[in-house]
Amino acid sequence: MQTFKIEGEYIPLIQLLKALNWVEHGAMAQLVVTEGMVTINGEVDYRKRLKVRPHDIVEFEGQQVKLV
C-alpha cells in the first residue's frame with residue numbers, strides 16, 4: 001500500500017484519483033466513482049465530491065493508498 005500526503009484538511013476524491021494517475025482525466029474519475037469502482041475505508045461510495053482525509057484508505061482496481 002502506498003501513502004499520499006495531502007496539504008490541508010482534505011482532498012476531493014476526484015482530485016486524488018487524478019493526482020495518483022489512476023485515471024486520465026476528471027470525467028473518467030467521476031465515471032469510476034459513480035459506477036462504484038472506488039472504495040473508501042472498505043466501502044463503496046458513490047459521491048463524486050467526497051472529501052477524503054488523513055487516515056482514509058482509498059482503493060481502485062487493486063491499488064490502495066492511505067492518506068497522511
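This is a predicted model. Start by selecting Arg-53, which is partly exposed at 32% relative accessibility. Its location is the loop between β5 (51-52) and β6 (57-60).

Glu-9 and Arg-53 form a salt bridge, with their closest N and O atoms 3.0 Å apart. The two residues are 44 residues apart and link distant parts of the chain, Glu-9 being in the loop between β1 (2-4) and β2 (11-12). Is Glu-9 buried or exposed? Glu-9 is exposed, because its relative accessible area of 58% is over the 50% cut-off.

Side chains of opposite charge can pair when their charged atoms come close. Select Asp-45 and Arg-47, whose side chains meet in a salt bridge at 2.7 Å, N to O. Asp-45 has 14% relative accessibility and therefore counts as buried, the limit for that being under 20%.

Now colour the side chains by charge. The chain carries 8 positive and 9 negative side chains. The centres of these two sets lie 8 Å apart.

Switch to a cartoon view and zoom out. The chain has 2 helices and 7 strands. What pattern do they follow along the sequence? Reading along it gives β-β-α-α-β-β-β-β-β.

With the whole chain in view, consider its dimensions. Taken along the principal axes, the C-alpha atoms fill a box of roughly 25 × 20 × 20 Å. The radius of gyration is 11 Å, which agrees with the value near 11 Å for a compact globule with 68 residues. Among contacts with a separation of 6 or more, 44% are between residues 24 or more positions apart.

Of the 68 residues, 37% are buried.

For the last stop, hide the surface and select Thr-39, in strand β3 (residues 38-40). Thr-39 has a relative accessible area of 19% and is buried, because the cut-off is under 20%. Which residues does Thr-39 touch, leaving aside those up to four places away in sequence? Show Val-44, Ile-57, Val-58 and Glu-59 to see these contacts of Thr-39.

Key: Residues are numbered from 1 along each chain as its sequence is written. This is a predicted model: local features need pLDDT of at least 70, side-chain atom pairs count only at pLDDT 80 or more; totals for chains, interfaces and linings use all residues. Side-chain values use heavy atoms; hydrogens and water are left out. A salt bridge is a side-chain nitrogen of Lys or Arg within 4 Å of a carboxyl oxygen of Asp or Glu. Helices (H or I, at least four residues) and strands (E, at least two) are DSSP runs, numbered from the N terminus. Buried means under 20% relative accessible area, exposed over 50%, partly exposed in between (1.4 Å probe, protein chains only). The radius of gyration is taken over C-alpha atoms; the globule rule is 2.2 Å times the number of residues to the power 0.38. Contact means heavy atoms within 4.5 Å. Lys and Arg count as positive and Asp and Glu as negative; His and the chain ends are not counted. The place of a charge is taken as NZ of Lys, CZ of Arg, CG of Asp or CD of Glu.
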